[in-house]
Number of protein chains: 2
Amino acid sequence: MTEAVTRPTLEAVAARAGVSRATVSRVVNGGDGVREPLVERVRRAVEELGYVPNQAARSLVTRRHDAVAVVIAEPETRVFADPFFALQLRGISKELTAHDNQLVLLLTEGRDDHARVGRYLAGGHVDGALVFSLHLDDALPGLIRGAGVPTVFGGRPGWSDGTPRAVYVDSDNRGGARAAVRHLVGLGRTRIAHITGALDQTSAVDRRDGFRDVMAEADPRLVVEGDFTPAGGERAMRELLDRCPDLDAVFAANDLTAAGALRVLRERGRRVPDDVAVIGFDDMLPVAEQTDPPLTTIRQDIEEMGRLMARLLLRRLDPRNADDTDAAPSPGVVLPTTLVRRASA
Amino acid sequence: MTEAVTRPTLEAVAARAGVSRATVSRVVNGGDGVREPLVERVRRAVEELGYVPNQAARSLVTRRHDAVAVVIAEPETRVFADPFFALQLRGISKELTAHDNQLVLLLTEGRDDHARVGRYLAGGHVDGALVFSLHLDDALPGLIRGAGVPTVFGGRPGWSDGTPRAVYVDSDNRGGARAAVRHLVGLGRTRIAHITGALDQTSAVDRRDGFRDVMAEADPRLVVEGDFTPAGGERAMRELLDRCPDLDAVFAANDLTAAGALRVLRERGRRVPDDVAVIGFDDMLPVAEQTDPPLTTIRQDIEEMGRLMARLLLRRLDPRNADDTDAAPSPGVVLPTTLVRRASA
DNA sequence: ACGGCTGTCGAGAGCGCTCTCACCTCCCCG
DNA sequence: CGGGGAGGTGAGAGCGCTCTCGACAGCCGT
């Protein structure tokens, strides 16, 4: 069943090259302090034998694993299935790969899984963790702090138990929201509504705050709570139209919500963007490009977020990983957003 | 910087429980052949010390890692960002977690990465691999065979270098396509067109073959090649309308393609489903539910596919992982698809 | 010409675990 | 009542690697 092809060891390479294990080890790990002819001999022996270091043996003594856990909490189908995490994972993967680190993926649902993740991280199987913890009431951040593993969070962590200096990377949700609303204002709209996201997530709170920054004096009835889903968008849009039939623009907390809102607007005979301008958030391509009309929205560079998270973590794990271009470390890093104009606003 | 909290070792637990290392090891790994009172003493010592086994040390001697690599080849933005992989990952993750295995994610783009993945797998860092290799010309499967790691493929592998018994899990693309076309026939449609997917992928080939199974006599001009993208769907739809203005139904190779086709049909003034019925494939929710009209399509249970892949692999790695319900092993497993009726057909 | 210094290399001691094997009970059967 | 066997336990030998430390060369300055 299993082929017992015993892979060559350091010992074997050493014998073949006619040097000691220590020397082979030095060469394999960078070759500093070994004279050129020897380096060459060892390299050839490695090549000929097809030697690959045994990571387990190495970890046993170095206590490093060159592996990072990516924890994605509560991937409910709707949330998890959007392109968001896929892109973020890609960014993370690229950066980790560039520094020869492995990506261990931990998906959780429910409390039991949280405990499992906590145990895993505390078990010292990985050097660090990148954590996406969406909800404010999430127990995960606490468990992770308890595990004592260097961690970078994706998205501003919202819990309030006094972990002020958590390192995180986030999009400029608030600034993006301001840009969206200002765009609508620039279009001459005055009765601008906002459908929020699920307010147990910091991104939804920040986007709503951005809306309020610009529309401080707005009619409070123009803000309705949604939940980041199309169905929530539909419900909220109906409520808005009932309450304020005179509205002339909507800022939806994300593209899915905007898609729902668009459907209701069409159903009620409002023309977009002529009667009501609509703007979304995320620039989730398969949605934003497919709506009718295509959605004007706020784009965030998801992949870059992932890459940056990984970079911050690697830097903490080993300062040598720092690029020259890296700025001084700060607890939170916020990435800019950009307005993408399509037809809906 | 790093807190040198030396974690307790087996030795420490043994000392505390007043037994030997061997006994602690036995208890930690199942406790067979140890008398009850000792088991209890050891358990308590483990608890009190917060002992967690050092996986590296364990792997060093057992040569097992309880880790599985998931390789996703060529995640071009468009492909990777769809919900497909996310769901599959979730299925895989659930199954692996249930059997205490870790998921190491390897994303690749381009040839260099393939070599890296090959080296990683050959390096014996994981016990097995789950591989998604989309394209027929992909070099990855060869590299993986060379690495000698037990592997299960996601989707029917299409390369033809004589690896007939590769284990894989796939959806019933052909059967699903037949069901889609038969549905259109049942609607009384006679001039049924097909927009294929990218034909360098087996799923696209199989879906086209399913179409042909039912429409053996069809006008060959009714089949146009697409590429699984909305833009490809638009282009293909235009071509179809130009060539065969009398068509009354379209089977698109996936939902994204169908969405593009729908746009062109609307633009050309054809009513869906009255003039032209449209059916997709995948039931990619954010798309299928958002189109106008909502898309009738073929659903595949993506998450179950992932779970099944993991289960097959685990069973190969260790027969004890087999559930009682598992059928006799066969090289390929094909999951059923179901028709989801919405408004477009 | 000599003591020290820098630079290269090898010997050897573990890292924390599993697993074989020998030993020791204790029970059962003749 | 003794011998054999079964079952429970511990001692010890590694798994493949890194890393410290000592040995030894070659070089400098005085």
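**View 1. The phosphate contact of A:Leu10 with DNA strand D.** In this predicted model, a polar backbone atom of A:Leu10 stands 2.3 Å from a phosphate oxygen of DNA strand D. A polar contact here is a pair of N or O atoms within 3.5 Å; within protein, one must be able to donate a hydrogen and the other to accept it, and residues adjacent in sequence count only if both atoms are side-chain atoms. Another phosphate contact involves A:Ser25, with a polar side-chain atom 2.6 Å from a phosphate oxygen of DNA strand D. At the base level, an N or O atom in the side chain of A:Arg21 is 3.2 Å from a base oxygen of DNA strand D.

View 2. A residue is near a strand if one of its heavy atoms lies within 4 Å of it. Of the 27 residues around DNA strand D, A:Leu10, A:Ser25, A:Tyr51, B:Thr23 and B:Arg63 come nearest. Sugar and phosphate make up 68% of the atoms of DNA strand D that come within 4 Å of the protein. With five residues, α4(A) gives the most to this surface; helices (H or I, at least four residues) and strands (E, at least two) are DSSP runs, numbered from the N terminus.

**View 3. The protein surface near DNA strand C.** Among the 27 residues around DNA strand C, those that come nearest are A:Thr23, A:Arg63, B:Leu10, B:Ser25 and B:Tyr51. Of the atoms of DNA strand C within 4 Å of the protein, 69% belong to sugar and phosphate. Helices α2 (21-28) and α4 (55-62) of chain A, and α2 (21-28) and α4 (55-62) of chain B, each supply at least two residues of the surface near DNA strand C. The largest share, five residues, comes from α4(B).

View 4. The side chain of B:Arg21 places an N or O atom 3.1 Å from a base oxygen of DNA strand C. The side chain of B:Asn29 has an N or O atom 3.1 Å from a phosphate oxygen of DNA strand C. At B:Ala57, a backbone N or O atom lies 3.4 Å from a base nitrogen of DNA strand C.

**Notes.** Residues are numbered from 1 along each chain as its sequence is written, and chains are lettered from A and ligands numbered from 1 in the order in which they are written. Local features need pLDDT of at least 70, side-chain atom pairs count only at pLDDT 80 or more, and totals for chains, interfaces and linings use all residues, while side-chain values use heavy atoms, with hydrogens and water left out.
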